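Here's a quick tour of one chain, from a single residue out to the overall build. Have a look at the model first.

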Amino acid sequence: MRKKYSKLFLNSKKENKVGIYQKFKLFINKNKGFIYRIIIFIALIVFSELVLFRRVTWRIQIQFYIVFFSVWIGIGEFFLGKNKMFKLHPTNFWAAFLTPLIFNIVLNLAVYKYVNMFALTAILSTLIITLLIDYSSGIISALMFALFFGILFGYDLKFTVYLFLPSLIAAFSSRKIKRRVEIILPFIFASISQIIILYATNLSYNAIDYLYIPISNFLGILIMMGVLPFFEYLTRVYSDIGLLELGNLNNPILKELSLKAPGTYYHSMIISNLAESASEVVMGNTTLARVGSYFHDIGKIWRPQFFSENQKSKNPHVDISPKLSSLILNNHVTYGVELARKYRLPILIEDMILQHHGTRVKQFFYDEYYKETGIKDTNMFRYPGPIPQFKEAAILMIADVTEATTRSMQEIEPAELSQKLDELISSLFFEGQFDDCGLTMREIKKIKGKIMRTILEMNHKRISYPKIDVKELKE
């Protein structure tokens, strides 16, 4: 009897150990990214102390861990974790945040050691992160940079403010930059504010220290302009500047699309106008909407003749089964994603390629299949999806179906167009295609109105010119 109970006790003990291990493993897997970030910062803190003081002390390390990690977890992890883009693509967006920040911290450790403490500047990482992600992320990076060096210099609050406030101004003034020349504005605002703060806080009475500020900020701007394309290529998170450069119509993929699938190319150009104008009315990223539209159908480079806009005579779908037709249409999405990864296009443009059809049913081929077999199976004729995850992807979906519909209209009249748009948008809404994109009903209404106005402006009627004999027109 005693042996029986001892066996039961040992088995339950083993089960408890296995249960604890599984829970621990689950916790590690769930918080893997957070743990990696903490390890990276610990390594950076140890490295910084070794570089500056040639030693590692428990006192500085523990002070760093208590203060820096408290702020990092309370502000950095909390606010960045709520950002939708960090949830959609955590690896890419955390890399876009941490890589410039760590690069700038290491660079400024060398500046402090070999130049002057007043030559330290957060402008490089702040601007890169603001341009790649958004200005709130840029402000958080500026705070972490300022706090990092503030702790290194013995909890100097004045010095922390001296580093942080100009970077905050730089982030705010660079949030809408689309051209490289505009970067001069954050440089000017940051430099002037930093000089004023240095004077107001009485941190230095040496005139040379004031000269270091514009010089270091200017060098920071130059380095930023040089390394920004590398950070974009590395992380696949692009600034508006990078997107505009990528959207150059001489881009090899777009050139190939124009040669192999000219109808699709023209279709993409029209959609880009619709998507850009619609994004503007809902405060979306108009550059992403336009450039994403250029690339959304690049998968049609493969077998372009299977898409109506490229067909000149016979429709090849006539000779194949509806199921095969469905697979070929799906392939333009999957092949488009392959091209996006091959050429390292922005991760959000890859999303737009995947999401511009969502999980919609190809109704024509589904209906053909049902007539042939009597089987109702919509899943066989769905696009792979997922449904749009952000505003610009949803706007692209609306613009895509709208352009396809208006192309089939003989005369584009406002009343008929409005009715068609209402039907299309209602269909997308009730199919659940807008469930995850964040668009409100008010915004959808604005998008519909803007797309309608843009189509009517693009298709306005011209006056009929009188026919005059060419001899009369000759001088």
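A helix here is a DSSP run of H or I at least four residues long, numbered from the N terminus. By that count, Q61 sits in helix α3, which covers residues 58–82. Keep in mind that this is a predicted model.

Is Q61 buried or exposed? With a relative accessible area of 3%, Q61 is buried, because that value falls under the 20% cut-off. Its side chain makes a polar contact with the side chain of Y65, at 2.5 Å. Skipping neighbours within four places in sequence, Q61 also touches I45, V46, E49 and V56.

Now for the nonpolar cores. The largest has 116 residues, and F68, W72, F97, F149 and F295 touch the most other members. Helix α7 (residues 135–152) supplies the largest share of this core, with 10 residues. Take F68: leaving out neighbours within four places in sequence, F68 is in contact with F41, Q63, M144, L147, F148 and I151. Another core lies apart, with 11 residues including F306, I328, V361 and Y366.

Zooming out, the chain has 21 helices and 0 strands. Its radius of gyration is well over what the globule rule gives for 475 residues, so the chain is more spread out than a compact globule.

| Whole-chain property | Value |
|---|---|
| C-alpha box along the principal axes | roughly 105 × 85 × 40 Å |
| Residues counted as buried | 48% of 475 residues |

As for contacts with a separation of 6 or more, 73% link residues 24 or more positions apart.

Definitions and conventions:
Residues numbered from 1 in each chain as written. Predicted model: local features only at pLDDT ≥ 70, side-chain atom pairs only at ≥ 80, totals over all residues. Heavy atoms only, no water. Core = buried A, V, L, I, M, F, W, Y, C linked by side-chain atoms within 4.5 Å. Buried < 20%, exposed > 50% of the residue type's maximum accessible area, 1.4 Å probe, protein only. Helix = DSSP H or I, 4+ residues; strand = E, 2+ residues; numbered from the N terminus. Contact = heavy atoms within 4.5 Å. Polar contact = N/O pair within 3.5 Å; in protein donor to acceptor, adjacent residues only side chain to side chain. Rg over C-alpha atoms; globule rule 2.2 N^0.38 Å.
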